[in-house]
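Reader: I have a model to go through before I set anything up. Can you walk me through it?

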Amino acid sequence: MMRIPRRGLLALAAGLPATAARAQAFPTRPVTIIVPYAAGGGADITARLLAQRMTPRLGQPVVVENRAGANGVLGAEAVARAPPDGHTLGMVVSSHVINKAVMPALPFDPVADFAPVMLVARTELALVAAPAPGVTSLAALVAQIRTRPGDYAYASPGAGSNVHVFLEWFARRAGLQMLHVPYRGSAAAHADLIAGRVAFTLDTYAAVRPHVEAGRLTLLAFGGPQRYAGRPEVPTIAEAASIPGYAALSWSALLAPRGTPAGVVARLNTEAARALAEAEVRDRLATLGAEAAGGPPEELRALMEGEALQFGALVRELGIRSDG
């Protein structure tokens, strides 16, 4: 058994109370949640729900700051470079872990440079198309596209986004020859989809639901591995297009900079969990097509590591690169 010198034991003992004291004293000033995406989106709304509930529990204001750009890279980098004391956090979505594969020059590691706090929510992605004769199901749309290879296009909110990866994967598995049209965000993609300039897109259900309810878009399928509980009559993409194993599901997560003390992470995890336990928060997430998640930091780390491997391999296979 290795013996630690007495001097080392004294240093270790001195360090433990200091670490515990820092965690107990946290926070000592306002906490900022950086959202690396535009205001009004699912991650932004989710961050503001948590911030509102966590403020009285932490005893300091929790504020949300939007730093959109480069498919979430600008804001995420700000979180990675922040002091690791828990006062700067990030609310990211699943594309965060895909960025490493689509951006070879990414200035940080999406997994290693962050301390996971909590998986906050899982978000349903919906595949929608413009109303068209005969397009009453995803199978019918796929059959129509196959009659004119290369003449149809699908939209995404940007090259290298998780939607781009998911839809290129779908096109490959369904045997479709299609053009990818990237947009700067979802709003412009929706306008062109409604006008019939692109065939379909994949987006959060909350983002497309107003168009679906108004009859401007047709909801054909959901991307999750199981049917969405809010619309159980709508099939999954895997079911509707006969693609076993296909799943396109987004999520949002709370991260801190690497090196944030474990006690601080635990406190943040506890307060975020208490916020998610509130019925009002869960109901609000449900209106976004999202389901409150939760769990310990270790589960979030395992998810991020697993998806980084899975989608990293998929991105390389599909040859996808980002324009960010």
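This is a predicted model: local features need pLDDT of at least 70, side-chain atom pairs count only at pLDDT 80 or more; totals for chains, interfaces and linings use all residues.

Reader: Start with strand E3. How many of its residues are buried?

Author: Six of the six residues in E3, which spans residues 88-93, are buried, and the strand is mostly covered.

Reader: Which residues sit on each side of E3?

Author: Thr 88, Gly 90 and Val 92 are on one side, and Leu 89, Met 91 and Val 93 are on the other. Both faces are covered. As background, side chains in a regular strand alternate between the two faces of the sheet.

Reader: And E1 with E3, parallel or antiparallel?

Author: Strand E1, residues 31-35, runs parallel to E3, and three bridges join the two. Ile 34 has Gly 90 of E3 as its bridge partner.

Reader: What about E3 and E9, parallel or antiparallel?

Author: Antiparallel, with four bridges between E3 and strand E9, residues 249-257. Met 91 is bridged to Leu 254 in E9.

Reader: Another helix pair, then. How do H2 and H11 pack?

Author: The angle between H2 (residues 42-58) and H11 (residues 279-287) is about 175°, and their axes are 11 Å apart. H2 is therefore roughly antiparallel to H11.

Reader: Which residues meet there?

Author: Ile 45, Thr 46, Leu 49 and Arg 53 in H2 meet Glu 280, Val 281, Arg 284 and Leu 285 in H11. The contact of H2 with H11 divides into four nonpolar, one polar and three charged residues.

Reader: Now the backbone. Which peptide bond is cis?

Author: The bond from Phe 26 to Pro 27 is cis, with omega near -10°. Pro 27 lies in the loop between helix H1 (6-25) and E1.

Reader: I also want to check Ala 70. What is its phi?

Author: Near 55°, which is positive in a residue other than glycine. Ala 70 is in the loop between strand E2 (62-66) and H3. With 31% relative accessibility, Ala 70 counts as partly exposed.

Reader: And what is the phi of Asn 71?

Author: Asn 71 has a positive phi too, about 60°, although it is not a glycine. Asn 71 also lies in the loop between E2 and H3. Its relative accessibility is 24%, so Asn 71 counts as partly exposed.

Reader: Switching to His 190. Buried or exposed?

Author: His 190 counts as buried because its relative accessibility is 7%. This residue is found in helix H7, residues 186-194.

Reader: What does His 190 touch?

Author: Leaving aside residues up to four places away in sequence, His 190 touches Asp 203, Ala 207, Val 208 and His 211. His 190 and His 211 are 21 residues apart in sequence, and their C-alpha atoms are 8.7 Å apart in space.

Reader: Last one, Gly 294. Where does it lie?

Author: Gly 294 is in the loop between strand E10 (290-292) and H12. At 16% relative accessibility, Gly 294 counts as buried.

Reader: Which residues does Gly 294 touch?

Author: Not counting residues up to four places away in sequence, Gly 294 touches Met 118, Leu 119, Val 120, Leu 276 and Glu 299. Its C-alpha is separated by 40 Å from that of Tyr 152, which is 142 residues away along the chain.

Notes: Residues are numbered from 1 along each chain as its sequence is written. Side-chain values use heavy atoms; hydrogens and water are left out. Buried means under 20% relative accessible area, exposed over 50%, partly exposed in between (1.4 Å probe, protein chains only). Contact means heavy atoms within 4.5 Å. Axes are lines fitted to C-alpha atoms, for helices over the stretch in contact, and angles run from 0 to 180 degrees between N-to-C directions. Angles under 35 degrees count as roughly parallel, over 145 as roughly antiparallel, 65 to 115 as roughly perpendicular and the rest as oblique. Ala, Val, Leu, Ile, Met, Phe, Trp, Tyr, Cys and Pro count as nonpolar, Asp, Glu, Lys and Arg as charged, and the others, Gly among them, as polar. Two strands pair if DSSP finds at least two bridges between them.
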